[in-house]
Amino acid sequence: MTNKENFEIIYKEYAPAIGKLCLSYTIDRDNAEDLIQETFITAWKKLDSFRYNAKLSTWV
């Protein structure tokens, strides 16, 4: 499976929970969307560093 395919799976699985968490940090939906985007940009850049020492949800 490619990094892109892995990332798509991660995004679909965790975006709702990350979205709720980000919205809890700020009541502004636009700021929450920015936080979600930054979270997944970082996840994409660091995907190769995931070593399965923890749950994927913890890593994300």
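Colleague: Before we start, what should I know about the model and its numbering?

Modeller: It's a predicted model, so to speak of local features we need pLDDT of at least 70, and side-chain atom pairs count only at pLDDT 80 or more, while totals for chains, interfaces and linings use all residues. Residues are numbered from 1 along each chain as its sequence is written, and side-chain values use heavy atoms, with hydrogens and water left out.

Colleague: How many helices and strands are there in the chain?

Modeller: Helices (H or I, at least four residues) and strands (E, at least two) are DSSP runs, numbered from the N terminus. Here you get 3 helices and 0 strands, running α-α-α from the N terminus on. The C-alpha atoms fill a box of roughly 35 × 20 × 15 Å along the principal axes.

Colleague: Take α2. What span is expected of it, and what does it reach?

Modeller: The expected span of a helix is 1.5 Å times one less than its number of residues. Helix α2, residues 29-46, has 18 residues and reaches 26 Å from first C-alpha to last, close to the expected 26 Å.

Colleague: Which residues of α2 are buried?

Modeller: Buried means under 20% relative accessible area, exposed over 50%, and partly exposed in between, with a 1.4 Å probe and protein chains only. In α2 the buried ones are Ala 32, Ile 36, Phe 40 and Ala 43. They cover an arc of only 65° around the axis, which puts them on the same side of α2; that arc is taken over the directions from the helix axis to the C-beta atoms. On the other side of α2, Asp 30 and Lys 45 are exposed.

Colleague: What do the buried residues of α2 pack against?

Modeller: Contact means heavy atoms within 4.5 Å. The buried residues of α2 pack against α1 (3-25) and α3 (56-59). For the chain, residues 24 or more positions apart account for 49% of the contacts with a separation of 6 or more. Buried residues make up 23% of the 60 residues.

Colleague: What lines the largest pocket?

Modeller: On a 1 Å grid over the protein atoms alone, a pocket is an open set of points where a 1.4 Å probe fits, with protein on both sides within 12 Å along at least five of seven lines; lining residues have an atom within 4 Å of a point. The lining here includes Asn 3, Asn 6, Leu 47, Phe 50, Arg 51 and Tyr 52. The largest share of that lining, 4 residues, comes from α1.

Colleague: How does the lining divide by residue type, and what is the volume?

Modeller: Ala, Val, Leu, Ile, Met, Phe, Trp, Tyr, Cys and Pro count as nonpolar, Asp, Glu, Lys and Arg as charged, and the others, Gly among them, as polar. The lining has 6 nonpolar, 2 polar and 2 charged residues. The largest pocket has a volume of about 190 Å³, the space filled by probe spheres set on the grid points.
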